[in-house]
Amino acid sequence: MPDLHVAPEALVAAAVELDALAARLETAVALSSAAIRVLPSGSEEVSLHAAGYFNTVASTFTPAVAQGILEMRETANTLRTQAALYVAEVVALGATLAAGM
């Protein structure tokens with residue numbers, strides 16, 4: 001059976017990268033939120049419907065991106081927690097082995 005190698009520092013580094021990605025995405029969405037809302041180019045039916053369609057899409061996009069940002073942050077926290085738990089288990093195992101010798 002192959003050995004499992006866990007590098008807690010790699011888990012923490014991945015968490016840092018996920019947090020940075022979430023922050024960049026959040027900033028990009030905040031800066032672009034006004035740009036994804038459109039006004040009708042005219043008062044005729046086609047312009048009104050087209051603008052309505054684009055604004056409907058925008059209203060579903062923003063919450064979806066917010067959910068994605070939240071999930072990235074939660075994943076980063078999970079990675080940090082798992083890295084800390086792994087280190088704690090290794091320390092406990094080391095203490096147990098040292099006590100037995």
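Does S47 count as buried or exposed, and at what relative accessibility? At 9% relative accessibility, S47 counts as buried, where buried means under 20% relative accessible area, exposed means over 50% and partly exposed lies in between, as found with a 1.4 Å probe and protein chains only. The structure is a predicted model, in which local features need pLDDT of at least 70 and side-chain atom pairs count only at pLDDT 80 or more, while totals for chains, interfaces and linings use all residues. Residues are numbered from 1 along each chain as its sequence is written, and side-chain values use heavy atoms, with hydrogens and water left out.

**Overall form**

- The protein has two helices and zero strands, these being DSSP runs numbered from the N terminus, with at least four residues of H or I for a helix and at least two of E for a strand.
- The radius of gyration of the protein is 24 Å, whereas a compact globule of 101 residues would have one near 13 Å; the radius is taken over C-alpha atoms, and the globule rule is 2.2 Å times the number of residues to the power 0.38.
- Along its principal axes, the C-alpha trace of the protein spans about 85 × 30 × 15 Å.

**Burial and contacts**

- Of the 101 residues in the protein, 14% are buried.
- Among contacts between residues at least 6 apart in sequence, 68% join residues at least 24 apart, a contact meaning heavy atoms within 4.5 Å.

**Nonpolar core**

- The largest nonpolar core has five residues, namely A22, V29, V65, I69 and M72; such a core is a set of buried Ala, Val, Leu, Ile, Met, Phe, Trp, Tyr and Cys residues joined through side-chain atoms within 4.5 Å.
- Helices α1 (8–32) and α2 (45–100) each supply at least two residues of this core, and the largest share, three residues, comes from α2.

**Two residues of helix α2**

- S47 is found in helix α2, and, leaving aside residues up to four places away in sequence, S47 touches P40, S41 and G42.
- A84 also lies in helix α2, but A84 is partly exposed, with a relative accessible area of 47%.
- The C-alpha atoms of A84 and V12 are separated by 9.0 Å, although these residues are 72 residues apart along the chain.

**Charge**

- The protein has 4 positive and 10 negative side chains, and the centres of the two sets lie 8 Å apart.
- Lys and Arg count as positive and Asp and Glu as negative, with His and the chain ends not counted, and the place of a charge is taken as NZ of Lys, CZ of Arg, CG of Asp or CD of Glu.
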